[in-house]
Amino acid sequence: MPREITAFSNPLIKRVRQLREKRHRKQEGLFLAEGLRILTEAREAGRLPEFLFFARDNGPHPLVQALVAETEAAGGEAIETNADILSKLSGKDNPGAVVGVYPEFGPALDDLDRTSAPIWLVAERLRDPGNLGTILRTGDAIGAGGLILIDDCVDPFSVEAVRASMGALFTVPVVRTDWGAFLPWLRSGPGQLVGLSLDTEHDYQAPAYASPTFLLTGNEAQGMPDFMAAECDLLVKIPMLGKADSLNAAVATAVMAYEVLNQQRRA
């Protein structure tokens, strides 16, 4: 049976609250996810929390009941609390009905099977958690094999990135690596590296993309470095007909990803 915690001073509440900070996530190997939709996506992907906090303000929701039952069956702990505690844990004034604490996860680069999907997303030095979450959602939507984060990217397990992913963190494999490891791995097998760039004349709809295609998106402010661009098999750009000189990184990734997907669907 779930135990009840309603005191802000409870040691577990303090411990879980600290997971909002990167250094505590790194120390514990745990992260927070909030909201019934996200936790249900995680459950359906086979991932259950170590701790599940839930409120029963208006009677138990069937999905909450399922989460409680499966969390306890898997050896996790379900804890009944109130909206104030959930707000403290999530950092939101209007928290969702549930907050989960999960072990961090993610395959290594060598664990990936590049032949398992025709499209892969790659981002280097991505700094905005909202962009990371949105790119994950795009990856889920197009059936991408995974998201490969190059060099100093934002933490995919930050509260903001998890929230922005809307559950896609649990459905799209995320690998964190560096360019020095990624490039030899990429060249060890099939794969076309396509970079999004403003310094090219190739329109993004003109080429025929090979499979698997690895779409490389650069840093939001600086774009990709020249040495990375030089290693791309192809650089393409999305036309800008107005005064803006570029699209948001996540939007540009989505536009490119759907172009590749649409080519494959027509093939």
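This is a predicted model: local features need pLDDT of at least 70, side-chain atom pairs count only at pLDDT 80 or more; totals for chains, interfaces and linings use all residues.
User: Is the peptide bond from Ser211 to Pro212 cis or trans?

Analyst: Most peptide bonds are trans. The bond leading from Ser211 into Pro212 has omega near 0°. That makes this one cis.

User: Let's do backbone angles next. What is the phi of Asp151, roughly?

Analyst: Most residues other than glycine have a negative phi. Asp151 is not a glycine, yet its phi is positive. You'll find Asp151 in the loop between S7 and H7, and the angle comes out at about 60°.

User: Is Asp151 buried, exposed or partly exposed?

Analyst: The classes go by relative accessible area, using a 1.4 Å probe and protein chains only: buried is under 20%, exposed is over 50%, and partly exposed is in between. Asp151 has 34% relative accessibility, so the class for Asp151 is partly exposed.

User: Met166 also has a phi worth a look. Where does Met166 sit?

Analyst: Met166 is a residue other than glycine with a positive phi, near 55°. At 25% relative accessibility, Met166 counts as partly exposed. Its place in the chain is the loop between H7 and strand S8 (174–177).

User: On to the rings. How many aromatic pairs does the structure hold?

Analyst: Here a pair means Phe, Tyr or Trp rings (the six-membered one for Trp) with centres within 6.5 Å; planes under 30 degrees apart are stacked, over 60 edge-to-face, and the rest tilted. Counted that way across the structure, the number of aromatic pairs is 12.

User: What kind of pair do Phe31 and Tyr102 form?

Analyst: Their ring centres are 5.7 Å apart. The angle between the planes is 25°. That pair is stacked.

User: How many residues apart in sequence are the parts that the Phe31 and Tyr102 pair ties together?

Analyst: Phe31 belongs to strand S2, while Tyr102 is in strand S5 (residues 98–103), so the pair links two separate strands of the chain. Phe31 is buried, and Tyr102 is buried as well. In sequence, the separation between the parts is 71 residues.

User: And which class does the pair of Trp179 and Phe227 fall into?

Analyst: The centres of the Trp179 and Phe227 rings lie 6.4 Å apart. Trp179 lies in helix H8 (residues 179–187) and Phe227 in helix H9, so the pair ties together parts that are 48 residues apart in sequence. The ring planes meet at 80°, so the class is edge-to-face.

User: What is the relative accessible area of Trp179?

Analyst: Trp179 is one of the residues in a cluster linked by ring pairs, along with Trp120, Phe182, Trp185, Phe214 and Phe227. Trp179 counts as buried. Its relative accessible area is 9%.

User: Which ring does the charged end of Arg114 sit over?

Analyst: For a charge to sit over a ring, NZ of Lys or CZ of Arg has to be within 6 Å of the ring centre and within 35 degrees of the ring normal. Arg47 does this over the face of Phe105, at 3.8 Å from the ring centre. For Arg114 the distance to the ring centre is 4.2 Å, and the ring belongs to Trp185.

User: Last topic, the strands. Which residue in S7 is the bridge partner of Val122?

Analyst: Two strands pair if DSSP finds at least two bridges between them. Strand S6 (residues 119–124) and S7 run parallel and are joined by four bridges. Strand S7 (residues 147–150) is covered on both faces, with Leu147 and Leu149 buried on one side and Ile148 and Ile150 buried on the other. The partner of Val122 in S7 is Ile148.

Conventions
Residues are numbered from 1 along each chain as its sequence is written. Side-chain values use heavy atoms; hydrogens and water are left out.
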